[in-house]
Amino acid sequence: APHPAGAPASAAPGGSELVTLSRVGRVGAERMAKSWAEIPQFTLYTDVCASELLRIHARGKEAGTPASVTVLLAGLLARALRDFPRLNASWEGNGTVRTYGAVNVGVAVDGPEGLVVPVLRDCGTKGFAELARDLAALAEKAKARTLSSEDLAGGTVTLSNLGMFGIKRFRAIVNPPQTAILAAGAVERRPVETGEGEIAFLPYLEISITADHRAVDGAYAARFLARYKELIEDPQFALF
């Protein structure tokens with residue numbers, strides 16, 4: 001039978017272990033609890049064809065300037081946000097939102113002590129190769145536990161990609177005081193009817209956005225997501 005509430009941990013069958021979170025883990029736990037309790041957040045999902053994204057990824061590897069899918073998504077995210085400033089912003093309270101000119105994308109990275117979110121800076125002004133170098137440096141720091149407070153500060157929007165773990169769909173939690181977080185799932189091949197009435201197997205992934213409803217409404221976030229989808233499916237539009 002289950003042990004009574006409030007019973008000492010040693011009373012649990014097989015014993016137990018008390019795990020103390022790292023400083024970063026404790027801060028993250030507090031921020032997520034605050035986000036979930038105080039922010040009225042909603043999530044929108046869309047499916048995106050990743051053919052062009054994977055083509056750019058392969059081309060970069062061949063040229064010796066590899067850029068991961070996460071890097072490509074971060075760069076295109078910055079371009080998609082140009083016309084949607086309230087999603088690259090901070091909620092200030094009292095009905096005010098502070099929007100930012102630079103897009104600093106916090107990228108969720110799995111480190112030795114759990115999830116950390118270092119910041120890729122000025123994603124709207126850098127090419128994919130430069131962003132790839134920046135993220136590689138941050139990932140190395142995360143692995144070595146040498147991320148500085150500056151590496152973790154100043155994010156204006158967050159991107160979380162769990163596709164490398166085989167996760168197809170998930171809902172991320174807004175990272176306050178930011179107003180939005182993007183989530184990307186695994187790329188998988190799906191049967192799609194072509195214009196000629198035939199079936200082709202094409203790579204798709206699911207993208208979601210979770211946003212602070214105080215800063216934006218569903219229609220605003222939906223228009224942004226449609227733009228982001230357009231850029232992922234045809235990145236040449238990001239040049240304009």
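## Asparagine 161, a buried residue

Asparagine 161 has a relative accessible area of 10%, and a residue under 20% counts as buried, so asparagine 161 is a buried residue in this predicted model. Its place is in strand S8.

What does the side chain of asparagine 161 make polar contacts with? One partner is the side chain of threonine 70, at 2.9 Å. Another is the backbone nitrogen of glycine 163, which lies 2.9 Å from a polar atom of the asparagine 161 side chain. Setting aside residues up to four places away in sequence, asparagine 161 touches Val69, Thr70, Ala184 and Gly185.

## Glycine 155, in a loop

Now let's move to glycine 155, found in the loop that runs between helix H5 (149-152) and strand S8 (157-161). Beyond its neighbours within four places in sequence, glycine 155 is in contact with Asn104, Val119 and Gln178.

How far is glycine 155 from alanine 186? In sequence they are 31 residues apart, and in space their C-alpha atoms are 24 Å apart.

## The whole protein

Stepping back, the protein has 6 helices and 11 strands. Its C-alpha trace spans about 65 × 45 × 35 Å along the principal axes. Of its 240 residues, 41% count as buried. Among contacts with a separation of 6 or more, 63% come from residues 24 or more positions apart.

## Surface and charge

The accessible surface comes to about 12,900 Å², and carbon and sulfur atoms account for 55% of it. As for charge, there are 26 positive and 26 negative side chains, with the centres of the two sets 3 Å apart.

How values were computed:
Residues are numbered from 1 along each chain as its sequence is written. This is a predicted model: local features need pLDDT of at least 70, side-chain atom pairs count only at pLDDT 80 or more; totals for chains, interfaces and linings use all residues. Side-chain values use heavy atoms; hydrogens and water are left out. Helices (H or I, at least four residues) and strands (E, at least two) are DSSP runs, numbered from the N terminus. Buried means under 20% relative accessible area, exposed over 50%, partly exposed in between (1.4 Å probe, protein chains only). Contact means heavy atoms within 4.5 Å. Accessible areas come from the Shrake-Rupley method with a 1.4 Å probe; for residues, only the protein chains shown count as cover. Lys and Arg count as positive and Asp and Glu as negative; His and the chain ends are not counted. The place of a charge is taken as NZ of Lys, CZ of Arg, CG of Asp or CD of Glu. A polar contact is a pair of N or O atoms within 3.5 Å; within protein, one must be able to donate a hydrogen and the other to accept it, and residues adjacent in sequence count only if both atoms are side-chain atoms.
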